[in-house]
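This briefing is for a reader who is new to the structure shown below. Please look over the sequence and the model before reading on.

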Amino acid sequence: MFSKTCEYGIRATIFIASESYQNNRVGLKDIAKKIDSPEAFTAKILQILTKSNIINSIKGVGGGFEIPKEKMSQIKLSQIVTALEGDAVFTGCGLGLSHCSETHPCPVHEKFKSIRNELAFMLKNTNLEELAMGIKSGDTFLRY
């Protein structure tokens, strides 16, 4: 459903948030290891998330990535997805056609439209805080 970039970006953001709750900044190596992602690829994703003001990057000794606690409840999954993939998840065709629309639908247009709308609703109504709390409590995980 999501590209690898988006999957890793969501996982990285959740991990950074869960560590930020414990007042920890995390480095690139730890993030890549924890989310099972190649380090160079993770670095590019984190750069995009930093430029999009979703995560903070602190340089120097004691630096790393963090998210202010008070910001976590305001960050929606939809913001992460949009930063990494644009709005294709919210508007794209289920078959990947570039000219699929209500007036010129692909074979799965009507069925996919409802799935896409449900996904958009979930992404727009799920905040980072609730996902980080699941990791912190041990109820959810980022890696098998």
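The model is predicted. Its largest nonpolar core has 33 residues, and six salt bridges are counted. The structure also holds one aromatic pair.

**The nonpolar core**

- Within the largest nonpolar core, which has 33 residues, the ones with the most contacts inside it are Ile16, Ile31, Leu46, Leu49, Ile55, Ile67 and Ile80.
- At least two residues of this core come from each of α1 (4-20), α2 (28-35), α3 (39-51), α5 (77-85), α6 (88-91), α7 (109-125) and α8 (128-137).
- Helix α1 gives the largest share of this core, eight residues.
- Ile31 is in contact with Ala12, Phe15, Ile16, Val26, Thr42, Leu46 and Phe65, leaving aside its neighbours within four places in sequence.

- The buried residues of α2 are Ile31, Ala32 and Ile35.
- These buried residues line one face of the helix, because they fall within an arc of 95 degrees when seen down the axis of α2.
- Lys29 and Lys33, on the other side of α2, are exposed.
- The cover over the buried residues of α2 includes α1, α3 and β2 (64-66).
- Asp36 follows α2 and has a positive phi, near 60 degrees.

- Lys29 and Glu39 meet through their side chains in a salt bridge, at 3.4 Å from N to O.
- Lys29 lies in helix α2 and Glu39 in helix α3, so this pair ties together parts that are ten residues apart in sequence.
- Lys29 is exposed, with a relative accessible area of 57%, whereas Glu39 is partly exposed, with a relative accessible area of 35%.

- The side chains of Arg11 and Glu7 form a salt bridge, at 3.9 Å from N to O.
- Both Arg11 and Glu7 lie in helix α1, where they are four residues apart, about one turn of the helix.
- Arg11 is partly exposed, with a relative accessible area of 22%.
- Glu7 also counts as partly exposed, at 25% relative accessibility.

- Glu102 and Lys113 meet through their side chains in a salt bridge, at 3.0 Å from N to O.
- This pair links distant parts of the chain, with Glu102 in the loop between α6 and α7 and Lys113 in helix α7, eleven residues apart.
- Glu102 is partly exposed, with a relative accessible area of 48%.
- Lys113 is partly exposed too, with a relative accessible area of 23%.
- Elsewhere, salt bridges that share partners join Lys4, Glu7 and Arg11 into one network.

**Aromatic rings**

- The structure holds one aromatic pair.
- Tyr8 and Phe41 form this pair, which is edge-to-face, with 5.7 Å centre to centre and 85 degrees between the planes.
- Tyr8 lies in helix α1 and Phe41 in helix α3, so the pair ties together parts that are 33 residues apart in sequence.
- Tyr8 is buried, with a relative accessible area of 11%, whereas Phe41 counts as partly exposed, at 27% relative accessibility.
- In a further arrangement, Lys124 lies over the face of Phe90, at 5.3 Å from the ring centre.

**Loop residues with positive phi**

- Asn23 is not a glycine, but its phi is positive, near 60 degrees.
- Asn23 is found in the loop between α1 and α2, and Asn23 is exposed, with a relative accessible area of 63%.
- Asn53 is not a glycine either, and has a positive phi of about 60 degrees.
- Asn53 is found in the loop between α3 and β1 (56-58), and Asn53 counts as exposed, at 55% relative accessibility.

Terms used. Residues are numbered from 1 along each chain as its sequence is written. This is a predicted model: local features need pLDDT of at least 70, side-chain atom pairs count only at pLDDT 80 or more; totals for chains, interfaces and linings use all residues. Side-chain values use heavy atoms; hydrogens and water are left out. A nonpolar core is a set of buried Ala, Val, Leu, Ile, Met, Phe, Trp, Tyr and Cys residues joined through side-chain atoms within 4.5 Å. Buried means under 20% relative accessible area, exposed over 50%, partly exposed in between (1.4 Å probe, protein chains only). Contact means heavy atoms within 4.5 Å. A salt bridge is a side-chain nitrogen of Lys or Arg within 4 Å of a carboxyl oxygen of Asp or Glu. The arc is that of the directions from the helix axis to the C-beta atoms. Rings of Phe, Tyr and Trp (its six-membered ring) pair if their centres lie within 6.5 Å; planes under 30 degrees apart count as stacked, over 60 as edge-to-face and the rest as tilted. A charge sits over a ring if NZ of Lys or CZ of Arg is within 6 Å of the ring centre and within 35 degrees of the ring normal.
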